[in-house]
Amino acid sequence: MDAIILQILNGLDKGSAYALIALGLTLIFGTLGVVNFAHGALFMIGAFCAVTLSRILTLSHVVVDSTKTDFLGRPLEVQVPYVYDIFGEATGAAVIDWAVPLSILFAIPVMLLVGVAMERGLIKYFYKRPHADQILVTFGLAIVLQEIIKYFYGANPIPTPAPAAFTGSFDFGAILGFDPNTIIYPYWRLVYFAFAAVIIGAVFAFLQFTTFGMVVRAGMADRETVGLLGINIDRRFTIMFGLAAAVAGLAGVMYTPINSPNYHMGMDFLVLSFVVVVVGGMGSLPGAVLAGFLLGVLESFASMREVIDLIPGINQVVIYLVAIVILLTRPRGLLGRKGVMED
Amino acid sequence: MFGLDKKDTMLLLLVAALTALAPFLLNPFPEGSALAQFNAGYPDLMQRFVIFGIFAIGFNILFGLTGYLSFGHAAFLGVGSYAAVWMFKLLSMNVLPAIVLAVVMSGLFALLIGYVSLRRSGIYFSILTLAFAQMMFALAYSVLTPITGGETGLQLALDDPRILDGGVETGGNIPVPGLFGMEMRDSVQLELGAWVFTFNFGYYFAAVVMLIAFYIAIRIFRSPFGMMLRAIKANQQRLNYTGLNTRPYTLAAFVISGMYAGLAGALMASMDPLAGAERMFWTASGEVVLMTILGGVGTLIGPILGAGAIKYMENIISKINSDILHNWFAFLPDGLEDLLVTLVYPFIGKGWHLTLGIIFMLVVIFLPGGLVEGGQRVARLFKSKKTDSSAAKPQTEPGE
Amino acid sequence: MSKTNLTRRGLLRSGAVAGAGVALPTIFTGSSVAAFTNEPTGSTVTLGFNVPQTGPYADEGADELRAYELAVEHLNGGGDGGMLNTFSSKALNGSGILGKKVQYVTGDTQTKSDAARASAKSMIEKDGAVMITGGSSSGVAVAVQALCQEAGVIFMAGLTHSNDTTGKDKRANGFRHFFNSYMSGAALAPILAKNYGTDRKAYHLTADYNWGYTTEEAIRNSTEAMGWETVAAVKTPLTQTDFSSYIAPVLQSGADVLVLNHYGGNMVNSLTNAVQFGLREKVVNGKNFEIVVPLYSRLMAKGAGANVKGIYGSTNWHWSLQDEGTKAFVKSFGTKYGFPPSQAAHTCYVQALLYADAVQRAGSFNPCAVVEALEGFEFDGMGNGKTLYRAEDHQCFKDVLVVRGKENPTSEFDLLEIVEITPVEQVTYDASIFGGQLGTCNPGA
Amino acid sequence: MKILEVKDVNKRFGGLKALSEVNLSVEENTVHAIIGPNGAGKSTLLNCLVGKLIPDTGSVMFNGQSVLGRAPHEINQMGISRVFQTPEIFGDLTVMENMMIPCFAKRDGAFELNAISSVQSQKDIIEHAEHVLDDMNMLDKRHMVASAMSRGDKRRLEIGMCLSQEPRLLLLDEPTAGMARADTNNTIDLLKEIKSKRDITIVIIEHDMHVVFSLAERITVLAQGTPLVEDTPENIKGHPKVREAYLGESSGH
């Protein structure tokens, strides 16, 4: 029982990451009709926003500590961050400690800019091209983006820890009346879950309750009609692309303490996020969220050793198996509309 | 000739001539010269050119004609390789049974996966094929290790049964794949002045297979079946209401292209008897898409060109290290040399993925018809300059 | 550093008919002329360095390449000579190998066995490399080793830790200096027992591929022999990035030790996740919960950041060793590149030197002569103390380091501290236990 | 003889009743028009005839055989050809190829793995296709890529493709929608000519009364998913219910 609760909890947490990434992907597809294979790269760039900010915060000057020596026996050069000089050592250390949450502020403008630049510079020329062309050009872009990141940051993962306040885990079991330590969950993952919920809620509220959102939703349903009404839908769509990029980027920023970011993390998530979007139904926002959580929970269950013992290898293939079954039984995904992406 | 019209016969003969003369054409620079780095006329790479050419030709029969974008075609290549290696292990080092079994096995897998995946179209089809291929990769890498060799790949061993070759003494070394006594690795060399050209038996064997595959592809392109496939891409609804059942057509195309992939896999295993699971990973499937697009989707020769271009980059450009760059620019003043090296270095050697990504984007943006379209444009430019006539006629004959 | 001038020296001469402008294409593989594949006939010899330059292990590959460049420099008499000064064999004298200047070509393995074989083949066929070395995974090592056996060149493995490389997949033309899973288990178990007690319940997470299997087996066998109990062993997919669903049930199982049989990106992520779950602050069965990482790498430890603190693992070599060989190597590497070498760099450097020395002693580049010179070769001064290249499986036997993540690192390189140097006797095993057949050396031609 | 008989067909989409108790019978070798205001269920009815939709209840018999549950290609093979509202042709293929495809479908059936012989060697198909193109006055355009033609030519090609199969029943879905008056008249002439040359039943769904009254021999008026009345054009023109329900509001056209 406790094992099952634990995996549901874990699945929801995993699912919140999937849902967040798939949300931006399906937003772009729903509004612009573009299949964006570079979406994973946006996620990755978001994560590197966090890396970059913590690099900036830890920009240092060298102080020689003659009491210690380095590996070649020379006096040790100690790096002292400039932040220490500005804020004093205690505050400076706190600022560095909170680099990841601070990166949210840094990442939003950067990602909006990246998104808008991408849409204006490349994507807008592909609205009328076949989906295959869109897939291919964004795939090319994804390769280019990740190679650029690799050029500057190397191939190894870069640790970007969460603030010290969030280390350790929360004991749910104790609350629910189970033995202590049976149902524990890391604080930062709970933060991630809450963060994802807030972002998802915000995107839905934005689309539901603002005029801008209404126009965009109308445009998702019928682009030409909205165009005929004399509304400049293109500009709004550009902004939507920026927004989707920002959502992906924030998902990336907050993910960095969970897995140390590396240049190919976008590609690692790409296939998965497409599976999520397709299972949810192309262009359906609630579908993407639902599918994200569903796949997260199923993946968690499949990784239980009791399940693996029963069906060897199930943890390797569960996501794909679910995708195949759903696509064959519900051709348009869980909540997809008819006729989308079938040409 | 060969039941082809004049133009196609010319194309076939051209490809035949190019493959036959490849050892010369790919080694244009004399040994020891600075540009020898760009020579590609060594057996392994030439074999790869034709083998991936076969893979791309087959993929193009599906994607180029019907427009169904499979993102899991590498799985069939993998199946072909595994089947071939198992034949080497169990039956004989002769490549023919290996190739036959590989084609049959990949055809069976394609039939099964195609039957399920083709129930959907568009991106749903792509995701289904991707899902199947990823499942095959994941299982081959892990729980199927006894069959596939897992991480280290399926390899030959000294104590393999090799039933048909039973009497042959191995002498402490594993025999290599061959064809009735000729080994795939046998080579002859020809030295002409400063040039050295290598003629490899394996390459010519693979080249002959590719020519046959290419010939069959031309026949398919020009057949009523090929026309139906193009009609599926053009307007599937119309085809249905014209009394044609599109499902068996697409399935047949899928199986045929899967068999091409299996054939390519078998040849890979014949040239180099090891089958690794990575060749089934989704990026490997993406690679054949890149090849086809780069060369020209739906054209006959495009996929071969695309396969050549990508394999060339992977094997030649990726080997240029900073040392070699410094050598090239050594004639420049030091500061300028360093600057140039700094500017160029991110794009070559270990940065070859970046160059690949950029070229690929440029092609998709500006040359949707790939290298073939590029060639046509250049040819048209020359034509109109020469004759100074009005604009060249738009190309109306498809499937060039 | 020597400037490489790429030619296909070896191959091109072999089929030549002297003086004639046109050769008669009558001979296959040039077998009647050359004695072995890529026999160097000019004033230089070409080595092939096959390392991951793209993909997740690119940084490790870059470090390997640095080590090779340094080795070439030292072989050709440049720099300060590095380990040549401390190496027990004095055959090498800084004039290249057998008087031929050493040149090298590089290839990108991409950490894929196919790509690795393609680049190795290209170096053999196009560039005339007479020896291939490098790599940073067992899959690649086994694949390239088999290729080199077939092609008739020597393969000096880089970083490869699976028992298979010199076990069931061993080849006569292949040699490994790096240690393996078995040795990790044998070295780690006593230390673990000493520090954590003999009454422990272990939970294994194992990468679901060959290397993971052999490592899990080795650690299980040796810890169970010490009295530990293995509660569960769960296999995790190679492509997994988030290990939370594998780590979450660990505490419920009643285990008090988590063993992460992961390497590279998997290791960084699973360790980070495990620490995140606060496992190390827990007390289970009245004991502190502990995490063990059987194969440590400093480059990877860097990716896991502060999470490695206090965690035990094993490693082939570490720059903070204080023997003469290590000091010489760290000095010349550090002077040249500004930071200390990784264990991958070390094993690659040593492999290059060992090959050169074997050729020098054998007086020939012929793979069979090299094999003979390396088999049963005993040496010292290369950073691991007295070392034996065992003839039966071409595996090096030397001391193994047990290390622990350092609590207060002074720099980004100073992440591990050596806990114990396990003597070679303790990690030696019978050559036959992993099966496989060496076969006979293949000189190609 | 009744070639097409629709009995008691009902079709709902969720809460919306698209067709209710539709009965329709078409006499062989006549031109039968189905008219009605937007949303009357004309297209739904048509889709039920060609296999795109399956009615919830009722039967659709063609030539004595039920078409229900059959796929579109099977229904076509039974002898029903369909022309779409916007011309559906193979845009990337040449006009000649467009014409050959239905000829293959007629000769070889729904599927034939004819992958080795060349298209050029199919003399009978070529001859037949050229003959139909000639009939349609399009022989000079045969090497054109179909998508490059004018809309009128595309319509002409589509009709020709259907005719090449020599169907017993030709379904036309608003064949003149969006056409200029001159093109509309050309289409009327073309259809008249087709009808005069061969035995064929034509069912036409149309908005344009000019077209309907120029061609139809019988007219069914559909309103809100139910047939209002079925009669000859003359009687329909004078029918008070029709004037009220349909013609009255469209008299401004």
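Predicted model: local features only at pLDDT ≥ 70, side-chain atom pairs only at ≥ 80, totals over all residues.
Good morning, colleagues. The largest nonpolar core has 460 residues, and B:I54 and B:F55 have the most contacts inside it. What does B:I54 touch, leaving aside its neighbours within four places in sequence? Its partners are B:V209, B:M210, B:A213 and B:Y260, together with B:L263, B:A264 and B:L267. As a general remark, nonpolar side chains tend to be buried together in soluble globular proteins.

I turn next to the contacts that chain B makes with other chains. Where chain B meets chain C, chain B contributes 50 residues and chain C contributes 52. On the chain B side, at least two residues each come from α3 (43–66), α6 (122–141), β4 (187–192), β5 (195–200) and α14 (322–328). Which of these elements gives the most? That is β4(B), with 6 residues. By class, this side of chain B consists of 15 nonpolar, 22 polar and 13 charged residues.

Chain B also touches chain D: 28 residues of chain B are in contact with 34 residues of chain D. Here the elements of chain B that supply two or more residues are α8 (201–222), α9 (224–234), α10 (236–240) and α11 (246–271). The largest share, 8 residues, belongs to α9(B). The side of chain B facing this contact comprises 13 nonpolar, 9 polar and 6 charged residues.

Let us now consider how helices pack. A packed pair is described by the angle and the distance between the two axes. From α2(A), the residues involved are A:G40, A:A41, A:M44, A:I45, A:F48 and A:V51, and they meet A:A142, A:L145, A:Q146, A:I149 and A:Y153 of α6(A). This contact has 9 nonpolar residues, 2 polar residues and no charged ones.

The second pair joins two chains. Helix α12 (residues 265–280) of chain A and α6(B) have axes that come within 11 Å and cross at roughly 130°. That angle makes α12(A) oblique to α6(B). This crossing, too, is left-handed. The contact between α12(A) and α6(B) has 9 nonpolar residues, 1 polar residue and no charged residues.

I close with individual residues. B:K7 sits in helix α1 (residues 6–20) of chain B. Is B:K7 buried or exposed? B:K7 counts as exposed, because it has 10 C-beta neighbours inside 10 Å. Between B:K7 and B:A131 there are 124 residues in sequence and 40 Å in space, taken from C-alpha to C-alpha.

C:N285, which is not a glycine, has a positive phi near 50°. C:N285 is placed in the loop between β9 (283–284) and β10 (287–288) of chain C, and with 12 C-beta neighbours inside 10 Å it counts as exposed. In chain D, D:N29 likewise has a positive phi, about 60°, without being a glycine. D:N29 lies in the loop that runs between β2 (16–27) and β3 (31–35). With 15 other C-beta atoms within 10 Å, D:N29 is partly exposed.

Thank you for your attention.

Key:
Residues numbered from 1 in each chain as written. Chains lettered and ligands numbered in written order. Core = buried A, V, L, I, M, F, W, Y, C linked by C-beta atoms within 7 Å. Buried ≥ 20, exposed ≤ 12 C-beta atoms within 10 Å, placed from the backbone. Contact = placed C-beta atoms within 7 Å. Helix = DSSP H or I, 4+ residues; strand = E, 2+ residues; numbered from the N terminus. Nonpolar A, V, L, I, M, F, W, Y, C, P; charged D, E, K, R; others polar. Axes fitted to C-alpha atoms, helices over the stretch in contact; angles between N-to-C directions. Parallel < 35°, antiparallel > 145°, perpendicular 65-115°, else oblique. Left-handed = near helix turned anticlockwise from the far one by under 90°.
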